[in-house]
Amino acid sequence: MITKEIKEQIKKIVGPENVLDSDLDRFGYSYDSSFVPLVPANKPEIVVRPLTAEQVAAVMRIACANRIAVTPRGASSGRTGGSIPLAGGISLSLDRMKTIIELDQENMMITVEAGVLTGDLYNYCAAKGLFYPPDPASYKYSTIGGNVAENAGGMRAVKYGVTNNYVMGLEVVLADGSIINTGGKAIKNVTGYNLTQLFTGSEGTLGIITKVLLRLIPMPKVRNTLQLMFGSLDEACATIHKMLQSGIVPAAAELMDKISLQAVARHRKLEIDPATEACVITEIDADNQQGLAMQAEQIEAIAKNFGALAVRIAQSAQEAEDIWAIRRGLSSAVGAMAPDRLGEDISVPRSAFPEMVRRIRAIGEKYELTIAVYGHAGDGNLHPSILCDLADSEQAERVHKAVHEIFAEALAVGGTLSGEHGIGITKRPYISSALGEAGVTTLKLIKQALDPQGILNPGKIW
Ligand SMILES: Cc1cc2nc3c(=O)[nH]c(=O)nc-3n(C[C@H](O)[C@H](O)[C@H](O)COP(=O)(O)OP(=O)(O)OC[C@H]3O[C@@H](n4cnc5c(N)ncnc54)[C@H](O)[C@@H]3O)c2cc1C
């Protein structure tokens, strides 16, 4: 319970205008971009918007002394309910901490506050010829703090990896209000446990990330896009595997199944060969045009060898943009096909991608549900989208069972529950089946050590 006195203390720290407690404001901070239903009980008691790490620390000291739940929040674009304040208390929004603190060109590293938007960081670096590769599709509005807390991925993961491959160090405010700094600019660093990686992907349950040190790489000089159409999923996946085995690592290799393609075709009024079962969109990059052309030729040859129905190599930046628009518009195109859409995120070994799609199809048939499947085939990360009407309780029950089976099949083929969206609220029931009881106990011991009162983002992960 946040008393009037506590509220006054917090107002003194961050300024009264940065403590929100109207019904409307509290409602605005009670949901995120997941499919978790709106529940009045999920409203925070107050929303606090600090500007500095010291303010975050002072708020945490008060929360710790009074056992108040604190749920960190970036841009609330999370897909698993992570920023929903399940236990009320404080919704701690990092959105005002937006300073790009230092670009160290010599070491190719950048230090930013947690509330900096991913897209702003990318553009800032790009203007200086530097490249920050992780590109969640939400990059225009997600925050770096949220990306680190979720270890966000994106389309470029196949070549460039995900957020944790770029995090060199963090400033973190712990549950008791102390501030620690992890990692640093030294590239080789084995001094003590790797706390930087521990906090990366911790979903706001171990500490509040206030500052992030990221490594950058030189911006590739040229890039191009190819669209490959196949009469079977296996041919599409075999093409991607062969490309990778031949040393052609595309910056992105996205796959869409037939249902996804039909959705896009309907949405964008496109003509698609009815024999097409799968479409691969791939981005390649290089230091010069010659290198780029060579990769494109090799990919075309591999795709044709596996029986591609059509290969389109973009001839201009506009054509590349048009091809990518198909992939970018996919989520809304699929969403427009039914009253509700339950989008999931699983990750399997790359070789299991076609088998996993087949198993998802079988689940769809068993429960009489339409499931569109697309994803980052280059790294085995799939996003099955169940098209449904959740207002129909009988159908909702079938959807629930189908989701359960999709997770079970992902584990059965050697995969995992989440490739990039985290566990949050929505995947809690399945975490033991992925990690085992001993695995979950180990996570709980770490949580207990860092947050003994359980005030940081309670109710998440397990
Ligand atoms: C259309 C759409 C497309 C998406 N595409 C992708 C994608 O391609 N790849 C991908 O990985 N994700 C994707 N996402 C999911 C989401 O954007 C990412 O998880 C993103 O990293 C969340 O950032 P955020 O700032 O919105 O964090 P929030 O949603 O606000 O928070 C996410 C979690 O991080 C915690 N948190 C936030 N900030 C901090 C902090 N400073 N310190 C500690 N904990 C914190 C929160 O408590 C919560 O648990 C997508 C989402 C949408 C809506």
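This is a predicted model: local features need pLDDT of at least 70, side-chain atom pairs count only at pLDDT 80 or more; totals for chains, interfaces and linings use all residues.

Guide: Domain 1 (4-93) and domain 2 (100-218) each contribute at least three residues to the shell around the ligand. Within the shell, some secondary structure elements can be picked out: β3 (70-73), α5 (144-150) and β10 (208-215) each provide at least two of its residues. The largest contribution is that of α5, which gives 5 residues.

Next comes the make-up of the shell. There are 34 residues around the ligand, and those that come nearest are Pro72, Gly74, Ser77, Ser138 and Thr143. By type, the shell residues divide into 18 polar, 11 nonpolar and 5 charged.

Now look at individual side chains and the ligand atoms they face. In serine 138, an N or O atom of the side chain is 2.5 Å from an oxygen atom of the ligand. Threonine 143 has a polar side-chain atom 2.7 Å from an oxygen atom of the ligand. Both serine 138 and threonine 143 are also in the list of residues that come nearest to the ligand. Glutamate 420 faces a nitrogen atom of the ligand instead, with a polar side-chain atom at 3.2 Å. As for cover, the ligand on its own has 960 Å² of accessible area, and the protein covers 94% of this.

To place this part in the whole, step back to the chain. The chain contains 15 helices and 19 strands. Its C-alpha trace spans about 70 × 60 × 40 Å along the principal axes. A compact globule of 462 residues would have a radius of gyration near 23 Å, and the chain agrees with that because its own value is 23 Å. Of the 462 residues, 54% count as buried.

Glutamate 344 sits in the loop between β16 (340-343) and β17 (346-347). Its relative accessible area is 12%, so glutamate 344 counts as buried, the cut-off being under 20%. The side chain of glutamate 344 also makes a polar contact of 3.4 Å with the side chain of lysine 427.

Note on methods. Residues are numbered from 1 along each chain as its sequence is written. Side-chain values use heavy atoms; hydrogens and water are left out. A residue is near a molecule or strand if one of its heavy atoms lies within 4 Å of it. A polar contact is a pair of N or O atoms within 3.5 Å; within protein, one must be able to donate a hydrogen and the other to accept it, and residues adjacent in sequence count only if both atoms are side-chain atoms. Accessible areas come from the Shrake-Rupley method with a 1.4 Å probe; for residues, only the protein chains shown count as cover. Helices (H or I, at least four residues) and strands (E, at least two) are DSSP runs, numbered from the N terminus. Ala, Val, Leu, Ile, Met, Phe, Trp, Tyr, Cys and Pro count as nonpolar, Asp, Glu, Lys and Arg as charged, and the others, Gly among them, as polar. Domain bounds come from an automatic or database domain assignment. The radius of gyration is taken over C-alpha atoms; the globule rule is 2.2 Å times the number of residues to the power 0.38. Buried means under 20% relative accessible area, exposed over 50%, partly exposed in between (1.4 Å probe, protein chains only).
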